[in-house]
Amino acid sequence: MRSIQEIQELIAKRAAAEIQPYSIVNLGIGIPTLIAKYVKPDGGYFHTENGMLGVKELTSEEELDPNLVNAGKLPIAEQIGASYFNSAESFAMIRGGHVDMAFLGALQIDEHGHIANWAIPGQSIMGVGGAMDLLSGVKKVVITMNHTAKNGAAKIVKSCTYPITSVRKVDVIITELAVFAYRNERLVLTELMPGADLNEVKDKTEASFEIADSVTQ
């Protein structure tokens with residue numbers, strides 16, 4: 001059985017393959033923050049909504065600067081040519097369609113592509129954060145998450161029971177078991193992750209989905 005860290009790294013590594021060269025990419029909190037370590041040098045320029053373009057993974061103590069953190073308040077480093085701006089300008093980039101991709105986590109996703117990732121009914125929350133803006137303004141949205149919740153409940157569901165974040169639909173879902181894409185308003189299984197079995201994916205997915213011809217059944 002894989003550890004939590006191994007699962008997260010597996011998802012992040014596969015997610016990095018979605019990034020096209022020289023894209024501007026926003027990395028959300030959680031698993032998305034791991035993606036940067038798997039991206040090729042020309043793979044993208046990472047954006048954080050608290051005001052930086054050119055985020056790089058922190059790899060040494062020499063790079064540590066207490067003033068440099070991402071939106072999740074984790075320490076980061078800067079690429080050569082990195083730029084800084086205030087949060088208003090950062091969100092103007094997002095809302096103006098200048099960010100190519102966003103990687104986000106999720107609590108639930110329904111079979112129509114709607115995502116719930118900001119609130120659980122009955123639990124206190126700090127606020128929505130930037131997810132609503134990212135879903136509205138970014139060209140491609142990829143969800144990276146565990147396939148099921150900690151209690152084993154399905155996270156890819158027929159209809160979200162948590163408050164949805166936006167009416168904008170996501171484009172791709174990557175879990176430790178499978179990769180899904182939304183095509184022609186349908187959820188399509190496009191790839192099984194290493195070690196995953198189609199029957200396990202079916203058992204742990206509440207939403208209806210089609211299976212691409214490229215998937216070996």
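Modeller: The model is a predicted one. Let us begin with strand E8 (residues 140-144) and strand E10 (residues 172-174), which pair in the parallel sense over 3 bridges. Within this pairing, Val-142 stands opposite Val-172 in E10.

Biologist: What makes E8 and E10 a pair?

Modeller: Pairing requires at least two bridges. E8 and E10 have 3 bridges, and therefore they count as paired.

Biologist: Which sheet contains them?

Modeller: Both belong to an open sheet of 10 strands, in the order E4-E3-E2-E1-E5-E8-E10-E11-E12-E13 and with mixed pairing. Strand E4 (77-84) and E13 are at its edges; each has a single partner strand, so one side of each lacks a neighbour in the sheet. Helix H1 (residues 4-16) lies across E5, E8, E10, E11 and E12, running at about 145° to E10.

Biologist: Why is the pair of Phe-180 and Phe-209 called edge-to-face?

Modeller: The structure holds 2 aromatic pairs. In the pair of Phe-180 and Phe-209, the ring centres are 5.4 Å apart and the planes form an angle of 80°.

Biologist: Are Phe-180 and Phe-209 buried or exposed?

Modeller: Buried means under 20% relative accessible area. Phe-180 has 0%, so Phe-180 is buried; Phe-209, at 17%, therefore also counts as buried.

Key: Residues are numbered from 1 along each chain as its sequence is written. This is a predicted model: local features need pLDDT of at least 70, side-chain atom pairs count only at pLDDT 80 or more; totals for chains, interfaces and linings use all residues. Side-chain values use heavy atoms; hydrogens and water are left out. Rings of Phe, Tyr and Trp (its six-membered ring) pair if their centres lie within 6.5 Å; planes under 30 degrees apart count as stacked, over 60 as edge-to-face and the rest as tilted. Buried means under 20% relative accessible area, exposed over 50%, partly exposed in between (1.4 Å probe, protein chains only). Helices (H or I, at least four residues) and strands (E, at least two) are DSSP runs, numbered from the N terminus. Contact means heavy atoms within 4.5 Å. Axes are lines fitted to C-alpha atoms, for helices over the stretch in contact, and angles run from 0 to 180 degrees between N-to-C directions.
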